[in-house]
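Subject: Structure for you to look at

Hello,

Here is the structure you will be working with. Please open it and keep it in view while you read the notes below.

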Amino acid sequence: AEFFTWLQPADGHQLMVGTHVWGLPGVYGGVKVAAEWTREVVVAEELQSQCAITAAVTRPYLSNDGSPGVPSFSLTMCHRPDAESTLALQYEGGGKDGAKGGVLSIAAARQLSEAQRLKARWNTQGLLGVALEQAGQKHMLSLIGEVDTNPTAALSPKFGVNLQLGL
């Protein structure tokens, strides 16, 4: 079940609040509560820039391994200064790994041309990923590279290709 509502306190600003419940009471499932504030700048019906801040708390009843669920939270900030660029920052904490501290992630995307996009992400656990996407009318090809930048880990880069075809 889901419940969402929103307010528009001023032109270009929006506040959304919602709850999502899944599973059966006492069985695998849980509750997620989130609030998001968004600000958009639109000129002549064209989106010029957009900012969003989202806070969420999740409480699963059971984890995948059958142990009792542990609440977790996240705070995400996303900024699109123009139609070609996106920058996101996310902090996640709590959950089973809550004792180890939270995880901070940074991600960015840049539209290089109508058909090409470059994406990158990094987090405080050491994961660095880069992807180059080439899109056509009925396909998308992604070249992906990932490496663990944690100084205590052995350097083990991973590479992949993802091809999506549409009919």
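The notes below go through salt bridges, an aromatic pair, the cysteines and a pocket.

This is a predicted model, in which local features need pLDDT of at least 70 and side-chain atom pairs count only at pLDDT 80 or more, while totals for chains, interfaces and linings use all residues. Residues are numbered from 1 along each chain as its sequence is written, and side-chain values use heavy atoms, with hydrogens and water left out.

Salt bridges

A salt bridge here is a side-chain nitrogen of Lys or Arg within 4 Å of a carboxyl oxygen of Asp or Glu. By this rule there are 4 salt bridges.

One of them joins Asp82 to Arg110, with the closest N and O atoms 4.0 Å apart. Asp82 lies in strand β5 and Arg110 in strand β7 (residues 103–111), so this pair ties together parts that are 28 residues apart in sequence. Strands are DSSP runs (E, at least two residues), numbered from the N terminus. Asp82 has 28% relative accessibility and is partly exposed; for this label, buried means under 20% relative accessible area, exposed means over 50%, and partly exposed is in between (1.4 Å probe, protein chains only). Arg110, at 40%, is partly exposed.

Lys119 and Glu133 meet in a salt bridge with an N to O distance of 3.2 Å. Lys119 is in strand β8 (residues 116–123) and Glu133 in strand β9 (residues 127–135), and the two are 14 residues apart. Is Glu133 buried or exposed? Glu133 is buried, with a relative accessible area of 7%, whereas Lys119 is partly exposed at 34%. Arg117, Lys119 and Glu133 are linked in a network of salt bridges.

Glu146 forms a salt bridge with Arg121, where the closest N and O atoms are 2.8 Å apart. Because Glu146 lies in strand β10 (residues 139–148) and Arg121 in strand β8, this pair ties together parts 25 residues apart in sequence. Glu146 is partly exposed at 22%, and Arg121 is partly exposed at 41%.

Aromatic pair

The whole structure has 1 aromatic pair. Rings of Phe, Tyr and Trp (its six-membered ring) pair if their centres lie within 6.5 Å; planes under 30 degrees apart count as stacked, over 60 as edge-to-face and the rest as tilted. The ring centres of Phe73 and Tyr91 are 6.1 Å apart and the planes are at 35°, so the pair is tilted. Phe73 sits in strand β5 (residues 72–82) and Tyr91 in strand β6 (residues 85–94), 18 residues apart.

Cysteines

The structure holds 0 disulfides. Cys51 is partly exposed at 24%, and Cys78 is partly exposed at 28%.

Second largest pocket

A pocket is an open set of points on a 1 Å grid over the protein atoms alone, where a 1.4 Å probe fits, with protein on both sides within 12 Å along at least five of seven lines; lining residues have an atom within 4 Å of a point. The second largest pocket holds about 170 Å³ of space. Its lining includes Gln8, Asp11, His13, Thr38 and Glu40. Strand β3 gives the largest share of this lining, 4 residues.

Regards

How values were computed: Points joined across faces, edges and corners; volume = space filled by probe spheres on them. Disulfide = S-S within 2.5 Å.
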